[in-house]
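Please examine the sequence and the structure shown here before turning to the briefing.

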Amino acid sequence: MSERDLLLTTVKAADDKRAEQIVALNMKGISLIADYFLICHGNSDKQVQAIAKEMKEKAEELGYFVKRMEGYDEARWILVDFGDVVAHIFHRDERGYYNLERLWGDAPIESFQSELNQ
């Protein structure tokens, strides 16, 4: 599977748990950290944790494993590192403050709507 497949798996997992404002940034050539950043948010601590857990479970079903997960207990900003894809799951109150989309504004936004509608 490709990193794009992993990205779509995490996007679908986030969507399944009703994550809001899901954005995928193509970080190729911009950052050495990952090929894609996935950014989304939930409206409560429990929802933020549920999104992270769903991403982890769906990725593991396909043979991908989490290299690192940070912030799960606090559920304000959970970072899930899958290697090629790094997911940033914010609590609604924190997302605007950190505004990663602006920080990485030179990264192209990936389209995935057609895959979600299948």
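The model is predicted: local features need pLDDT of at least 70, side-chain atom pairs count only at pLDDT 80 or more, and totals for chains, interfaces and linings use all residues. Residues are numbered from 1 along each chain as its sequence is written, and side-chain values use heavy atoms, with hydrogens and water left out.

**Aromatic pairs**

- A search of the whole structure finds 5 aromatic pairs, where rings of Phe, Tyr and Trp (its six-membered ring) pair if their centres lie within 6.5 Å; planes under 30 degrees apart count as stacked, over 60 as edge-to-face and the rest as tilted.
- Phe 37 and Trp 104 form an edge-to-face pair, at 5.7 Å centre to centre and 85 degrees between the planes.
- This pair links distant parts of the chain, 67 residues apart: Phe 37 is in strand β2 (residues 36–42) and Trp 104 in the loop between α4 (100–103) and β6 (109–110). Helices (H or I, at least four residues) and strands (E, at least two) are DSSP runs, numbered from the N terminus.
- Phe 37 is buried at 5% relative accessible area, whereas Trp 104 is partly exposed at 21%; buried means under 20% relative accessible area, exposed over 50%, and partly exposed in between (1.4 Å probe, protein chains only).
- The rings of Phe 90 and Tyr 98 are stacked because their centres are 6.0 Å apart and their planes are at 25 degrees.
- Phe 90 is buried, with a relative accessible area of 1%, and Tyr 98 is partly exposed, with 35%.
- Trp 77, Phe 90, Tyr 97 and Tyr 98 are linked by ring pairs into a cluster.

**Packing of α1 and α2**

- The axes of helix α1 (residues 3–16) and helix α2 (residues 45–61) come within 8 Å and cross at roughly 140 degrees. Axes are lines fitted to C-alpha atoms, for helices over the stretch in contact, and angles run from 0 to 180 degrees between N-to-C directions.
- Helix α1 is therefore oblique to α2; angles under 35 degrees count as roughly parallel, over 145 as roughly antiparallel, 65 to 115 as roughly perpendicular and the rest as oblique.
- Residues that make the contact (heavy atoms within 4.5 Å) include Leu 6, Thr 9 and Ala 13 of α1 and Ile 51, Met 55 and Lys 58 of α2.

**His 41**

- His 41 has its place in strand β2 and is buried, with a relative accessible area of 4%.
- The side chains of His 41 and Arg 95 are joined by a polar contact of 3.1 Å. Such a contact is a pair of N or O atoms within 3.5 Å; within protein, one must be able to donate a hydrogen and the other to accept it, and residues adjacent in sequence count only if both atoms are side-chain atoms.
- Beyond its neighbours within four places in sequence, His 41 is in contact with residues including Glu 20, Ile 51, Phe 90 and Arg 95.

**Asn 26**

- Asn 26 lies in strand β1 (residues 20–26) and is buried at 14% relative accessibility.
- The side chain of Asn 26 makes a polar contact of 2.9 Å with the side chain of Glu 110, and a polar atom of the Asn 26 side chain lies 3.0 Å from the backbone nitrogen of Lys 28.

**Lys 56**

- Lys 56 lies in helix α2 and is partly exposed, at 31% relative accessibility.
- Not counting residues up to four places away in sequence, Lys 56 touches Val 66, Met 69 and Phe 82.
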